[in-house]
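User: I am new to reading protein models and would like to learn how to look at one feature at a time. Could you take me through this one slowly?

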Amino acid sequence: MIRLAVLNAATSPNRLGNHITDWVIDRLGTNRAFVIDRIDLRDVGLPLFDEPDLPRYGRHRHEHTRRWARRIDAADAFVVVSPEYNRGYSALLKNALDYLVQEWAFKPVGIVSYGSGMSGGLRGAEALRPVLGALQMYPVREMVVVPFVTEAAVREGTLEASTGMVEGMELIMDALVRMDAAMHLLRAPDEELGEQQGEQTGRDGDETRWQPRDSGTDADWTATSALERPPGFV
């Protein structure tokens with residue numbers, strides 16, 4: 001099973017993102033591959049980033065950070081339900097992302113954006129993608145865009161999803177399943193990779209050379225530096 005966290009990134013007390021998140025979780029529930037953890041970022045209660053150490057070191061000093069780290073570390077993949085605020089995304093979401101590094105890394109993420117205009121939050125979603133990439137997350141290409149959210153898309157607490165929204169959600173689910181299978185290898189500790197790794201050879205002071213294990217293929221093929229290692233090898 002894929003442990004999928006759904007992040008509701010809206011901040012307003014009258015946020016329509018609740019209804020969109022309800023719909024997203026309902027659609028995700030049709031796929032038996034997922035175990036879902038709904039996370040309303042406003043309710044998580046993280047203060048503005050206040051850790052004394054850089055997040056990439058994983059030395060979380062505050063209990064609120066440790067709780068957040070445990071919850072995110074437990075997830076295999078994510079869906080972010082994000083409004084567009086002034087052609088960007090919410091400060092609440094940026095703060096939650098900035099608290100951690102290792103816990104986000106090598107995990108796929110789908111984006112469901114919404115807004116009051118025709119673009120449906122698309123500009124905010126595009127601003128979010130490079131931040132996710134900087135955290136070594138993998139934003140899947142497929143997404144759902146919900147336009148005119150204050151006018152017609154949400155009525156009496158229920159999202160009236162278009163055919164395109166439903167199809168987009170199906171594509172996100174398929175992409176998350178595929179990417180989770182691939183990224184399990186990237187998240188695996190070195191000792192669990194076994195024969196997928198090469199052997200290091202060389203004497204102290206010499207340039208370390210990488211050589212693949214003999215797999216019955218071209219035995220003469222070698223790579224001579226870290227920069228020349230083929231992608232996918234640790």
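This is a predicted model: local features need pLDDT of at least 70, side-chain atom pairs count only at pLDDT 80 or more; totals for chains, interfaces and linings use all residues.

User: In which helix do Arg-178 and Asp-174 both lie, and how many residues apart are they?

Analyst: Arg-178 and Asp-174 both belong to helix α7, which covers residues 163-187, and they are four residues apart, about one turn of the helix. Their side chains meet in a salt bridge, with 3.0 Å from N to O. Arg-178 is exposed, because its relative accessible area of 60% is over the 50% cut-off, whereas Asp-174, at 39%, counts as partly exposed.

User: How many salt bridges does the structure hold, and which parts does the pair of Arg-38 and Asp-22 tie together?

Analyst: The structure holds 16 salt bridges. In one of them the side chains of Arg-38 and Asp-22 meet at 2.5 Å, N to O. Arg-38 lies in strand β2 (residues 34-40) and Asp-22 in helix α1, so this pair ties together parts that are 16 residues apart in sequence. Arg-38 is partly exposed at 29% relative accessibility, and Asp-22 is partly exposed as well, at 37%.

Another salt bridge joins the side chains of Asp-37 and Arg-71, at 2.9 Å from N to O. Because Asp-37 lies in strand β2 and Arg-71 in helix α3 (residues 63-73), the pair ties together parts that are 34 residues apart in sequence. Asp-37 has a relative accessibility of 27% and counts as partly exposed, and Arg-71, with 34%, is partly exposed too.

User: Which residues are linked in a network of salt bridges?

Analyst: The network links Arg-3, Asp-76, Asp-180 and Arg-187.

User: Now I would like to follow a single residue. Is Thr-21 buried or exposed, and which residues does Thr-21 touch beyond those up to four places away in sequence?

Analyst: Thr-21 has its place in helix α1, which covers residues 17-28, and with a relative accessible area of 0% Thr-21 is buried. Leaving aside residues up to four places away in sequence, Thr-21 touches Val-6, Asn-8, Arg-38 and Val-81. The C-alpha atoms of Thr-21 and Leu-159 are separated by 9.4 Å, although these two residues are 138 residues apart along the chain.

User: How should I read a nonpolar core, and which residues have the most contacts inside the largest one?

Analyst: The general idea is that, in soluble globular proteins, nonpolar side chains tend to be buried together. In this model the largest nonpolar core has 28 residues, and those with the most contacts inside it are Trp-68, Phe-78, Leu-93, Leu-97, Trp-104 and Leu-128. The elements that give two or more residues to this core are β1 (2-8), α3, β3 (77-83), α4 (91-98), β4 (108-114) and α5 (122-134), and α5 gives the most, with four residues.

User: How many cavities of 30 Å³ or more does a search of the whole structure find, and which residues line the largest cavity?

Analyst: Rolling a probe the size of a water molecule over the atoms shows where empty space is left. The search finds two cavities of 30 Å³ or more, and the largest cavity holds about 40 Å³ of space. Leu-41, Val-44, Leu-46, Leu-92, Asn-95 and Ala-96 line the largest cavity, and α4 gives the most to that lining, with three residues. The residues of this lining divide into five nonpolar, one polar and no charged. In the second largest cavity there is about 30 Å³ of space, and its lining has four nonpolar, two polar and three charged residues.

Conventions. Residues are numbered from 1 along each chain as its sequence is written. Side-chain values use heavy atoms; hydrogens and water are left out. Buried means under 20% relative accessible area, exposed over 50%, partly exposed in between (1.4 Å probe, protein chains only). Contact means heavy atoms within 4.5 Å. A salt bridge is a side-chain nitrogen of Lys or Arg within 4 Å of a carboxyl oxygen of Asp or Glu. A nonpolar core is a set of buried Ala, Val, Leu, Ile, Met, Phe, Trp, Tyr and Cys residues joined through side-chain atoms within 4.5 Å. On a 1 Å grid over the protein atoms alone, a cavity is a set of points where a 1.4 Å probe fits but cannot get out, and a pocket is an open set with protein on both sides within 12 Å along at least five of seven lines; lining residues have an atom within 4 Å of a point. Grid points are joined across faces, edges and corners, and a volume is the space filled by probe spheres set on the points. Ala, Val, Leu, Ile, Met, Phe, Trp, Tyr, Cys and Pro count as nonpolar, Asp, Glu, Lys and Arg as charged, and the others, Gly among them, as polar.
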